[in-house]
Amino acid sequence: MIAGKTTVDDALFVETAEGPALLGSRCTDCAAHTFPRQGGCPRCTGSAMEDVPLSRTGTLWSWTVQGFRPKPPYTGTENYEPYGVGYVELPGQLIVETRLVETDPAKLEIGMAVELVLAPFRDDEFGWPVHTFAFVAVTA
Amino acid sequence: MSGVAIVGIGMHRFGRTEGVSGRAQAVHAAREALRDCGLRFSDMQFGFGGSHSAGDADTLVSELGLTGLPFINVANGCATGGSALIAADAAIRSGQHDVGIVIGFDKHPRGAFNTDPAEHGIGAWYGETGLMVTTQFFGLKIQRYLHEHGIAPGVLATIAEKAFRNGARNPMAWRRKEIDAAEIAAAPMISHPLTQYMYCSPAEGAVALVLCRADKAREYTEHPVFLQGAAFRSRRYGSFEVFSPWTAAERADSPTAEAAAAAFAAAGIAPSEVDVAQIQDTESGAELMHMAETGLCAHGEQEELIASGATAIEGRLPVNTDGGCLANGEPIGASGLRQVHENVLQLRGGAGEHQVPGDPRVGFTHVYGAPGISACTVLTR
Ligand SMILES: [Zn+2]
């Protein structure tokens with residue numbers, strides 16, 4: 001459970017004072033970031049990585065809308081489809097791939113400000129929602 | 001060091017061939033390639049080959065002949081054919097062998113490829129939440145590219161229209177019906193901004209090539225084609241590749257840019273000298289991006305080239321003259337060698353109805369795929 005919600009993989013997250021954040025790694029030698037956590041640095045080939053919470057806000061770097069139901073290993077349920085997908089630039093860290101809450105192409109624009117939420121993507125066998133990370137437009 | 005020549009080419013028609021296994025298609029292609037240069041399988045000193053989902057290439061010897069040759073399986077995703085060719089190039093160029101064969105083949109089920117994230121070192125969550133979808137990545141990649149270079153999305157339909165037009169002129173292609181750009185643009189949206197007809201489909205097919213030392217080439221054929229440069233590269237930190245839960249904010253050249261530059265450098269030939277090019281068009285956007293990444297034109301220049309017909313068979317820079325992946329489908333293990341097969345046909349002047357006019361002299365091929373790899377070749381007659 002993260003922030004009181006069932007997630008697809010709790011190891012992706014860390015609780016912070018501002019709310020749940022993605023948990024990444026940062027190279028203590030060259031400052032490169034990764035998501036999820038990993039032991040080796042893809043930038044300098046070192047292996048001195050430390051855990052770091054990733055920014056909960058960023059800007060939309062690219063986007064699309066998933067137009068058909070993927071085959072397995074996808075486990076999402078129909079009540080949460082279609083879904084948007086994007087890459088979000090987290091300032092000073094990295095560009096993370098993510099689901100987007102918005103699915104209307106007319107409302108998605110590269111450069112728009114977005115923030116992290118936990119969004120349901122499937123219902124479990126008892127009908128309870130399972131969450132993953134998603135980004136949504138920052139409301140002023 | 002010896003140069004390397006392609007003296008025999010063979011292909012099993014791409015598309016869907018019910019009741020014929022991928023292995024049987026590979027055997028057909030191998031026999032065609034051997035017949036093309038008047039050699040027998042017993043003349044082959046080595047073999048490299050592979051498929052993604054149709055079996056191990058080295059088991060083909062049970063049908064082709066148990067001659068004791070070293071036959072090495074190559075399993076390198078979309079670069080399987082390209083990697084086999086590069087291995088053969090090294091085997092001959094180094095002087096280790098004089099003549100050998102490369103074989104790429106495949107037979108995939110219908111529908112989008114589904115991949116296990118664990119095979120790519122990614123957690124199960126990535127597949128479960130619906131992010132491990134190749135079609136989706138290509139939508140994301142071209143969306144960003146169009147934005148960065150100020151290109152209007154209409155060009156994506158024009159690219160697919162050309163692919164089907166070329167496919168209609170190629171008797172070996174799978175999709176041989178022309179589709180106009182308006183119909184392509186209006187087709188169901190798969191992953192914005194790419195519609196159904198802008199994507200290739202998993203398919204079947206096989207290609208084999210017989211290669212030998214350049215100085216022996218004329219013993220086997222009147223029209224050898226020389227492999228002047230071949231290079232393979234994987235991704236750098238900062239390139240934006242399929243199956244990436246994240247990418248770096250600092251940008252780097254793609255593996256395509258590096259493989260193409262290395263192949264041109266090895267050949268001592270400039271991109272501007274290319275007369276015919278086969279480049280990875282998994283979807284229309286891939287052809288657009290790869291035209292510039294390979295150095296065939298500048299970023300942003302594609303829109304005008306495509307709109308003006310420069311990339312058509314009769315144009316200044318003919319691209320994907322056999323209809324590419326869009327019209328031939330994508331049998332992963334065979335696609336890279338299909339491109340080489342097509343360029344050999346073009347440089348021999350034997351491409352028939354889809355022949356590039358004006359006796360093309362320099363051909364270029366480019367494959368790209370997961371998880372961020374590219375293989376390129378430069379060929380001359
Ligand atoms: Zn580092």
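How many salt bridges does the count come to over all chains? In this predicted model, the count comes to 18 salt bridges over all chains, and 2 salt bridges are counted between chain A and chain B.

The contact between the chains draws on 43 residues from chain A and 37 residues from chain B. Between them, chain A and chain B bury about 3300 Å², and 62% of this area lies on carbon and sulfur atoms. On the side of chain A, the three residues A:Trp61, A:Tyr87 and A:Glu97 supply 19% of the area that chain A buries against chain B, which is more than any other three residues supply. The size of an interface is often given as the accessible area lost when the parts come together.

Polar interactions also cross this contact, with 19 residue pairs in polar contact between chain A and chain B, both residues of a pair being at pLDDT 80 or more. The elements of chain A that give two or more residues to the side touching chain B are strands E3 (33-34), E5 (57-65), E6 (84-90), E7 (94-100), E8 (113-123) and E9 (129-137). The largest share of that side comes from E7(A), which gives 6 residues.

E7(A) is joined by 2 bridges to strand E9 of chain B, residues 246-247, and the two strands run antiparallel. Within this pairing, A:Val96 has B:Trp246 in E9(B) as its bridge partner.

Strand E8 of chain B (residues 225-234) is joined to E12(B) by 8 bridges and runs antiparallel to it, with B:Ala230 standing opposite B:Thr377. Strand E11 of chain B (residues 362-369) is likewise joined to E12(B) by 8 bridges in an antiparallel arrangement, and here B:Val367 stands opposite B:Ala375. E11(B) and E12(B) form a hairpin with 3 residues between them, and in the turn B:Gly372 has a positive phi of about 105 degrees.

Returning to the salt bridges, the side chains of A:Arg37 and A:Asp51 meet in one, at 2.8 Å from N to O. This pair links distant parts of the chain, with A:Arg37 in the loop between E3 and strand E4 (49-53) of chain A and A:Asp51 in strand E4 itself, 14 residues apart. A:Arg37 counts as partly exposed because its relative accessibility is 48%, and A:Asp51 counts as partly exposed because its relative accessibility is 44%.

In chain B, B:Arg348 forms a salt bridge with B:Asp36, the closest N and O atoms being 2.8 Å apart. This pair also links distant parts of the chain, as B:Arg348 lies in helix H12 (residues 332-348) of chain B and B:Asp36 in helix H1 (residues 22-37) of chain B, 312 residues apart. B:Arg348 is partly exposed, with a relative accessible area of 22%, and B:Asp36 is partly exposed, with a relative accessible area of 28%.

A further salt bridge in chain B joins B:Arg144 to B:Glu148, with the closest N and O atoms 2.8 Å apart. Because they are 4 residues apart in helix H5 (residues 134-149) of chain B, B:Arg144 and B:Glu148 are separated by about one helical turn. B:Arg144 counts as buried at 15% relative accessibility, whereas B:Glu148 is partly exposed, with a relative accessible area of 44%. Elsewhere in the chain, B:Arg16, B:Lys107 and B:Glu204 are joined into one network by salt bridges that share partners.

How values were computed:
Residues are numbered from 1 along each chain as its sequence is written. Chains are lettered from A and ligands numbered from 1 in the order in which they are written. This is a predicted model: local features need pLDDT of at least 70, side-chain atom pairs count only at pLDDT 80 or more; totals for chains, interfaces and linings use all residues. Side-chain values use heavy atoms; hydrogens and water are left out. Contact means heavy atoms within 4.5 Å. Buried area is the accessible area (1.4 Å probe) that two parts lose on being put together, summed over both. A salt bridge is a side-chain nitrogen of Lys or Arg within 4 Å of a carboxyl oxygen of Asp or Glu. A polar contact is a pair of N or O atoms within 3.5 Å; within protein, one must be able to donate a hydrogen and the other to accept it, and residues adjacent in sequence count only if both atoms are side-chain atoms. Two strands pair if DSSP finds at least two bridges between them. Buried means under 20% relative accessible area, exposed over 50%, partly exposed in between (1.4 Å probe, protein chains only).
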